Amino acid sequence: MKISIFGLGYVGCVSVGCLAKNGHEVIGVDVSEFKVELINNGQATIQEKDIDHILAEGHAKGSISATICAEEAVHNTDLSIICVGTPPSSNGHLNLSYIFKTAEQIGKALKTKDGFHTVVIRSTVVPGTNIRYGEIVEECSGKKRGHHFSVVSNPEFLREGSAVYDYYHPAITVVGGDNTVAMEKVASLYRCLNAPIEITDIKVAEIIKYVNNSFHALKIAFSNEVGTICKALHIDPFKVMDLFCKDTRLNISPAYLKPGYVFGGSCLPKDLKGLVTLGHDNYIDTPVLSMINSSNEQHRKKAVDMITETGKKNICMVGLSFKEGTDDLRFSPYVDLAETLIGKGYRLTIYDEYVNLSKLIGANKAYINERLPHLSEHISNNLEDAISANDVVVISHRNFDGKNYHHLLKEKSAIIDLARIHDLEELPNYEGICW
């Protein structure tokens, strides 16, 4: 394929070399004549392992060249990859002026070009950039997105110092767009790599690098706080974290990484508070660990606010136990929610197929007697009646069979989903807590 790459900095230089090595004909584009001259001499614009000889090899074969003329590059290629910088401002916003400048250049070039052209945004951008980029190209070219060109989001995950290795060994390749032909063209660039290719929505592709790197930052801060506590207790933190990472079922896994309602139960709150207290007792500040519970409380308040905003007082809650499939009510976040609503004067009906008041014993019974002493007045044994008798339905558990109750739910003022029941999302009165 004939490819033009806008921006010959870190990502652009590596992309030029690796795509040429994979058999493509590549033209680099940059406003810097110095960078263009380096590429045209078969030299790298950056210091990075292996890129020097890859570029020299590609240049010697005639598959690499560079220019300062965007029109020349666009007219002689089928696909343009945007790798220009998006530096951050002091308040965290990205400077997208270089990105949108390339949109103007490509738009003007397309004005006089026949044939379909695909634009690929590799630079880190905020959600919404892809759509705005297409609008600028339309304005400058007089042509229509989807008919004459397409804009595809394809974020890069290259690390300095191992960028060439990362290019050839990605964990995943993300392609987001609104044109099947264009997305397949972009995906074909990576079919030679041994990694899955995920086709997704544009905005998902735009935000994923933010999410990835924020999680990486969180992991570093978390590990450092654990290390600091361990040092004070004369514990080897590397042994602790090595052991932590061996659990790939819960710790290093998709477990818990699903948006939903707050955490609760008898373990997570207790042990989090215990670790923070260990730090406090040893005069150690742990801001990341300490703020976890604060974040949880804000999310809990959000659920109450969503119910309050409906303006209705008759509420049906489906699910009360700590999680579906159990009758354990101890430290259940849904017990907290029920207690809050009752305290605010709401008329609450609760249905939970696993909770039978006559069978509650021991600590479980003692807990609910203390928190919801009049629970028997709110419990219903018939889900259909519970839904029918109330204005708002709050779904707590993932095992709710939404399809069987569509006929009742669509008549309600609101359905507030804390668990994500896909079958309900099509209803106009549906709202998820964070989706």
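Trainee: Is arginine 330 buried, partly exposed or exposed?

Mentor: Keep in mind that this is a predicted model, where local features need pLDDT of at least 70, side-chain atom pairs count only at pLDDT 80 or more, and totals for chains, interfaces and linings use all residues. Residues are numbered from 1 along each chain as its sequence is written, and side-chain values use heavy atoms, leaving out hydrogens and water. The classes go by relative accessible area with a 1.4 Å probe and protein chains only: buried is under 20%, exposed is over 50%, and partly exposed is in between. Arginine 330 has a relative accessible area of 30%, so it counts as partly exposed.

Trainee: Which side chain does arginine 330 join in a polar contact of 3.0 Å?

Mentor: Arginine 330 is in the loop between β9 (314–318) and α13 (333–343); helices (H or I, at least four residues) and strands (E, at least two) are DSSP runs, numbered from the N terminus. A polar contact is a pair of N or O atoms within 3.5 Å; within protein, one must be able to donate a hydrogen and the other to accept it, and residues adjacent in sequence count only if both atoms are side-chain atoms. The partner at 3.0 Å is aspartate 328.

Trainee: Is tyrosine 334 buried or exposed?

Mentor: Tyrosine 334 lies in helix α13. Beyond four places in sequence, its contacts (heavy atoms within 4.5 Å) include Tyr261, Met317, Phe322 and Leu418. Because its relative accessible area is 8%, tyrosine 334 is buried.

Trainee: Which residue has its backbone oxygen 3.2 Å from a polar atom of the tyrosine 334 side chain?

Mentor: Ser396 and His397 are among the contacts of tyrosine 334. The backbone oxygen at 3.2 Å belongs to serine 396.

Trainee: What relative accessible area does lysine 270 have?

Mentor: UniProt's unreviewed entry lists a "binding site" at positions including Lys270 and Arg330; such annotations may be inferred rather than shown by experiment, and the positions follow the numbering used here, with feature names shortened. Lysine 270 sits in helix α11 (residues 268–281). It is exposed, with a relative accessible area of 53%.
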